[in-house]
Amino acid sequence: HGALDRLIDGVEKELGGRLPELSRELKQKAIRLLDERGAFTLRRAVEDVSDAMGVSRITVYNYLNAIHR
């Protein structure tokens, strides 16, 4: 989990808060930043990010789909 944890830590520092405490808009921005940094190329990343963020996997996929539209 090292690489993904480091990416999440970096995004939390950049956005100024822990993922579960962020507003919906900042959660979407966090997903965009993680996507730009290649987080979702890692195995089980969607599951791990959804757990870290306190949202469902479906929510993470919805945010990703919105980015890639």
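Which residues of the largest nonpolar core touch the most other members? The first view takes that up.

**View 1. The largest nonpolar core of this predicted model.** Ile31, Leu34, Phe40 and Val49 touch the most other members of this core, which has 20 residues. A nonpolar core here is a set of buried Ala, Val, Leu, Ile, Met, Phe, Trp, Tyr and Cys residues joined through side-chain atoms within 4.5 Å. Buried means under 20% relative accessible area and exposed means over 50%, with partly exposed in between (1.4 Å probe, protein chains only). H1, H2, H3 and helix H4 (57–68) each supply at least two residues of the core, and H1 gives the largest share, five residues. Helices are DSSP runs (H or I, at least four residues) numbered from the N terminus. In soluble globular proteins, nonpolar side chains tend to be buried together.

**View 2. A close look at leucine 34.** Leaving out residues up to four places away in sequence, Leu34 touches Leu7, Ile8, Val11, Ala39, Phe40 and Val49. Contact means heavy atoms within 4.5 Å.

**View 3. Helix H1, residues 2–15.** At 1.5 Å a residue, its 14 residues should span 20 Å, and the end C-alpha atoms are 20 Å apart, which agrees. (The expected span is 1.5 Å times one less than the number of residues.) Leu4, Leu7, Ile8, Val11, Glu12 and Leu15 are buried in H1. They cover an arc of only 135° around the axis, so they sit on the same side of H1; the arc is that of the directions from the helix axis to the C-beta atoms. Over on the other side, Arg6 and Lys13 are exposed. The buried residues of H1 pack against helix H2 (24–36) and helix H3 (45–53). Just after H1, glycine 16 takes a positive phi of about 80°.

**View 4. Helix H4 and its buried side.** Val60, Tyr63 and Leu64 are the buried ones to look for in H4. Their arc around the axis is only 100°, which puts them on the same side of H4. H2 and H3 are among what covers these buried residues.

**View 5. Valine 55, in the loop between H3 and H4.** Val55 and Lys27 are 28 residues apart in sequence, yet 9.7 Å apart in space, C-alpha to C-alpha. Not counting residues up to four places away in sequence, Val55 touches Lys27, Ser50 and Val60.

**Notes on all views.** Residues are numbered from 1 along each chain as its sequence is written, and side-chain values use heavy atoms, leaving out hydrogens and water. Local features need pLDDT of at least 70 and side-chain atom pairs count only at pLDDT 80 or more, while totals for chains, interfaces and linings use all residues.
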